[in-house]
Amino acid sequence: MPPRPPRLALIRALFETYRQRYLNRDPRLLDDFSANFSGYTGCGDFLVRELGQWQTITRTDFKQVPEPIHWEMLDLELQDLADDVVAVVAFFHIHLPLIAGFLSGETARLTLIFRREGDAWKVAHSGISLPYPIPTASEDEVYPLQSLAERNRLLEAEVEARTAELAEANRRLAALSQTDGLTGIANRRLFDLRLDEEWRRAKRRHQPLTLAMVDVDDFKLYNDRYGHLAGDQALQTVAQTLDAHARRGGELAARYGGEEFALLLPGDDTRQAQAICRDFLAALDAERIEHADSPLGTLTASVGIASLTPNGSDTPDTLIATADAALYRAKQGGRHRVEMDGLPLNPSSS
Ligand SMILES: Nc1nc2c(ncn2[C@@H]2O[C@H](COP(=O)(O)OP(=O)(O)OP(=O)(O)O)[C@@H](O)[C@H]2O)c(=O)[nH]1
């Protein structure tokens, strides 16, 4: 049947009036409805056959969403079904003010069937299909806002839980990336970071920063005699013993590399640092790790201490080099001792 433009233009105008009333929550929405009406709502799974019931549904609709609704028209089609029947089908995005975020991306569909009754065109049927992910509206609803809000709450809780899990995983990863795999104490990476931090803090406060470099004695001989695995275990004991001597805030025991360790002692006075290191050597002696190829018959270590108050030209490397020089002297002096800035401090003489 060829289109009859004037009639279709009229229906189009009637549809537009209906649309505006629906969007603006205008109670005149049902003015042009037929007394012999049928329809179904987007979330109801039943056909309404009475205009009175449809009026109740419309009141619930307006009460549930009193604010204007936004409608983004995608397509509009008129179908001339008979002389006195025209169907209008509209595809659109619907944005409810309360839950715009849920529905913005989906396409809704409204079908209105206009029928001529006497001189007037009336809406004889209305069917709307709404793109809700959960189409279960409770009895007092037209739009399933309660279940959508509940779904949103669950999603938010889920996101929150996932975020917390992720933060915990990141924290564990960060801890792992700063831990030495063999000994479980701080690794070189963390040591470098903390040395840098403490160096800058000491510089700001014009305070000394003390560093002890610790090296296991005759460790090659130990490995050669007892094997690499036993060597690993010995390094673990040395590390734990040293770690137990980093007791105060800011102090850090770290594996510097191989059989060399570092003990960072921020703000320590040198007397205190020497006492801590002597204590460490005594504690390692007490472990009595057999080392038949060492003079004492047990595994020992040597320590070099340096203490610097940072000034303009020094860097953390200066502190490390100074401690290393003291450690070298401890080795040269016979091992199993603490040296500091050229002052030997034998544990046996303290
Ligand atoms: N088992 C084990 N051995 C290691 C590890 N890292 C380094 N070593 C060993 O440590 C030994 C260090 O030897 P040297 O640098 O010659 O020093 P040393 O024998 O301890 O002699 P001094 O330092 O002069 O007392 C080497 O044999 C390395 O293989 C490790 O993770 N596990």
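Visitor: Which residues of H7 meet H8?
Guide: Thr-237, Val-238, Thr-241 and Leu-242 in H7 meet Phe-280, Ala-283, Leu-284 and Glu-287 in H8. In contact means C-beta atoms, placed from the backbone, within 7 Å. By class, this contact of H7 with H8 has 5 nonpolar, 2 polar and 1 charged residues. Ala, Val, Leu, Ile, Met, Phe, Trp, Tyr, Cys and Pro count as nonpolar, Asp, Glu, Lys and Arg as charged, and the others, Gly among them, as polar.

Visitor: Where do those numbers come from?
Guide: Residues are numbered from 1 along each chain as its sequence is written. The model is predicted: local features need pLDDT of at least 70, side-chain atom pairs count only at pLDDT 80 or more, and totals for chains, interfaces and linings use all residues.

Visitor: And what are H7 and H8?
Guide: Helices, meaning DSSP runs of H or I with at least four residues; strands are E runs of at least two, and both are numbered from the N terminus. H8 covers residues 270-287.

Visitor: At what angle do the axes of H7 and H8 cross?
Guide: Roughly 140°, and the axes come within 9 Å. That makes H7 oblique to H8. Axes are lines fitted to C-alpha atoms, for helices over the stretch in contact, with angles from 0 to 180 degrees between N-to-C directions. Under 35 degrees is roughly parallel, over 145 roughly antiparallel, 65 to 115 roughly perpendicular, and the rest oblique.

Visitor: How about H6 and H7?
Guide: Their axes cross at roughly 130° and come within 7 Å. H6 is therefore oblique to H7. The contact of H6 with H7 has 5 nonpolar, 3 polar and no charged residues.

Visitor: New topic. How many residues surround the ligand?
Guide: 17, and the closest are Phe-219, Lys-220, Gly-231, Gly-258 and Glu-259. Here a residue counts if its C-beta atom, placed from the backbone, lies within 6 Å of the molecule.

Visitor: Which elements supply that shell?
Guide: Strand S6 (209-216), helix H6 (219-226) and helix H7 (228-243) each supply at least two residues. The shell divides into 5 nonpolar, 4 polar and 8 charged.

Definitions and conventions
Contact = placed C-beta atoms within 7 Å.
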